[in-house]
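Subject: The structure for you to look through

Hi there,

Here is the structure I promised to send over. Have a look at it first, and my notes follow below.

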Amino acid sequence: MADERKHKHHEHLGELGTAGAGAYALHEKHDKKKDPEHAHKHKVEEGIGAAVGLGAGGYALHEHHEKKEDKKEAKEAKKEAKSHEKKPHNLF
(Lines give C-alpha, C1' and ligand atoms only; values in the text may rest on other atoms or scores of the structure.)
Protein backbone atom coordinates (compact mmCIF):
# COMPACT_ATOMS: atom_id res chain seq x y z
CA MET A 1 0.00 0.00 0.00
CA ALA A 2 2.83 2.39 0.79
CA ASP A 3 4.40 1.73 -2.60
CA GLU A 4 1.12 2.61 -4.31
CA ARG A 5 1.03 5.94 -2.51
CA LYS A 6 4.68 6.59 -3.35
CA HIS A 7 4.10 5.89 -7.03
CA LYS A 8 0.93 8.01 -7.03
CA HIS A 9 2.85 10.90 -5.47
CA HIS A 10 5.67 10.58 -8.00
CA GLU A 11 3.14 10.35 -10.83
CA HIS A 12 1.63 13.65 -9.74
CA LEU A 13 5.08 15.23 -9.51
CA GLY A 14 5.78 14.09 -13.07
CA GLU A 15 2.52 15.63 -14.22
CA LEU A 16 3.40 18.92 -12.51
CA GLY A 17 6.83 18.85 -14.14
CA THR A 18 5.23 18.33 -17.52
CA ALA A 19 2.89 21.26 -17.02
CA GLY A 20 5.67 23.53 -15.76
CA ALA A 21 8.03 22.67 -18.60
CA GLY A 22 5.24 23.14 -21.15
CA ALA A 23 4.44 26.56 -19.72
CA TYR A 24 8.13 27.49 -19.86
CA ALA A 25 8.37 26.37 -23.49
CA LEU A 26 5.32 28.46 -24.41
CA HIS A 27 6.79 31.45 -22.58
CA GLU A 28 10.05 31.14 -24.52
CA LYS A 29 8.11 30.78 -27.78
CA HIS A 30 6.35 34.06 -26.96
CA ASP A 31 9.65 35.73 -26.07
CA LYS A 32 11.15 34.54 -29.37
CA LYS A 33 8.52 36.55 -31.26
CA LYS A 34 8.69 39.48 -28.85
CA ASP A 35 12.51 39.77 -28.81
CA PRO A 36 13.82 39.06 -32.34
CA GLU A 37 17.32 40.19 -31.38
CA HIS A 38 17.73 37.16 -29.09
CA ALA A 39 15.43 34.83 -31.05
CA HIS A 40 17.98 32.02 -31.35
CA LYS A 41 18.51 31.90 -27.57
CA HIS A 42 14.75 31.75 -26.99
CA LYS A 43 14.35 29.07 -29.65
CA VAL A 44 16.98 26.88 -27.96
CA GLU A 45 15.40 27.39 -24.54
CA GLU A 46 11.98 26.58 -26.01
CA GLY A 47 13.39 23.27 -27.27
CA ILE A 48 14.93 22.53 -23.88
CA GLY A 49 11.59 23.22 -22.18
CA ALA A 50 9.82 20.91 -24.61
CA ALA A 51 12.38 18.14 -24.04
CA VAL A 52 12.07 18.45 -20.26
CA GLY A 53 8.29 18.34 -20.57
CA LEU A 54 8.51 15.19 -22.66
CA GLY A 55 10.84 13.57 -20.13
CA ALA A 56 8.60 14.49 -17.20
CA GLY A 57 5.59 13.09 -19.06
CA GLY A 58 7.43 9.84 -19.64
CA TYR A 59 8.33 9.66 -15.96
CA ALA A 60 4.69 10.25 -14.98
CA LEU A 61 3.60 7.45 -17.32
CA HIS A 62 6.26 5.13 -15.89
CA GLU A 63 5.08 5.81 -12.33
CA HIS A 64 1.47 5.25 -13.39
CA HIS A 65 2.37 1.78 -14.68
CA GLU A 66 4.39 1.03 -11.53
CA LYS A 67 1.38 2.02 -9.42
CA LYS A 68 -0.89 -0.28 -11.40
CA GLU A 69 1.62 -3.13 -11.12
CA ASP A 70 1.93 -2.71 -7.34
CA LYS A 71 -1.84 -2.63 -7.00
CA LYS A 72 -2.13 -5.86 -9.00
CA GLU A 73 0.58 -7.57 -6.92
CA ALA A 74 -1.09 -6.51 -3.66
CA LYS A 75 -4.42 -7.86 -4.88
CA GLU A 76 -2.83 -11.20 -5.83
CA ALA A 77 -1.01 -11.43 -2.48
CA LYS A 78 -4.25 -10.74 -0.62
CA LYS A 79 -6.05 -13.38 -2.67
CA GLU A 80 -3.28 -15.93 -2.04
CA ALA A 81 -3.24 -15.19 1.71
CA LYS A 82 -6.98 -15.67 1.84
CA SER A 83 -6.73 -19.05 0.10
CA HIS A 84 -4.14 -20.27 2.65
CA GLU A 85 -6.06 -19.40 5.81
CA LYS A 86 -7.56 -22.21 7.85
CA LYS A 87 -11.15 -22.92 7.11
CA PRO A 88 -13.44 -24.81 9.48
CA HIS A 89 -14.43 -28.26 8.31
CA ASN A 90 -18.15 -28.65 8.04
CA LEU A 91 -18.90 -32.25 8.72
CA PHE A 92 -22.67 -31.94 8.62
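**What I found**

Leaving aside neighbours within four places in sequence, histidine 42 is in contact with Glu28, Asp31, Lys32 and Asp35 (contact means heavy atoms within 4.5 Å). Before I go on, please note that this is a predicted model, in which local features need pLDDT of at least 70 and side-chain atom pairs count only at pLDDT 80 or more, while totals for chains, interfaces and linings use all residues. Residues are numbered from 1 along each chain as its sequence is written, and side-chain values use heavy atoms, with hydrogens and water left out.

Histidine 42 sits in helix 2, which covers residues 39–84 (helices are DSSP runs of H or I with at least four residues, numbered from the N terminus). Its relative accessible area is 7%, so histidine 42 is buried (buried means under 20% relative accessible area, exposed over 50%, and partly exposed in between, with a 1.4 Å probe and protein chains only).

Glutamate 28, one of the contacts of histidine 42, belongs to helix 1. With neighbours within four places in sequence set aside, glutamate 28 is in contact with His42, Glu45 and Glu46. Which side chain of opposite charge is nearest to glutamate 28? That is lysine 41, 6.0 Å away; glutamate 28 is buried yet has no salt bridge (a salt bridge is a side-chain nitrogen of Lys or Arg within 4 Å of a carboxyl oxygen of Asp or Glu; Lys and Arg count as positive and Asp and Glu as negative, with His and the chain ends not counted).

**Salt bridges**

By that rule, the count is 2 salt bridges. In one of them, the side chains of lysine 67 and glutamate 11 meet at 3.1 Å, N to O. Lysine 67 is in helix 2 and glutamate 11 in helix 1, so this pair ties together parts that are 56 residues apart in sequence. Glutamate 11 has a relative accessible area of 10% and is therefore buried.

There is also a salt bridge between the side chains of lysine 32 and glutamate 46, at 3.3 Å, N to O. Here lysine 32 lies in helix 1 and glutamate 46 in helix 2, so the pair ties together parts 14 residues apart in sequence. Lysine 32 counts as partly exposed because its relative accessibility is 24%, whereas glutamate 46 is buried at 18% relative accessible area.

**Surface patches**

Patches are made of residues with over 30% relative accessible area and no salt bridge; like charges are joined within 9 Å, and nonpolar side chains (Val, Leu, Ile, Met, Phe, Trp, Tyr) within 5 Å. Accessible areas come from the Shrake-Rupley method with a 1.4 Å probe, and for residues only the protein chains shown count as cover. A charge is placed at NZ of Lys, CZ of Arg, CG of Asp or CD of Glu.

- Nonpolar: Val44, Ile48 and Val52 make a surface patch of about 250 Å². Valine 52 is in helix 2 and counts as partly exposed, at 46% relative accessibility.
- Negative: Asp3, Glu69, Glu73, Glu76 and Glu80 form this patch, and helix 2 gives the most to it, with 4 residues. Aspartate 3 is in helix 1 (residues 2–34) and is partly exposed at 44% relative accessibility.
- Positive: Lys8, Lys71, Lys75 and Lys79 gather here, with helix 2 giving the most, 3 residues. Lysine 75, in helix 2, counts as exposed at 64% relative accessibility.

Notes
Helices (H or I, at least four residues) and strands (E, at least two) are DSSP runs, numbered from the N terminus.
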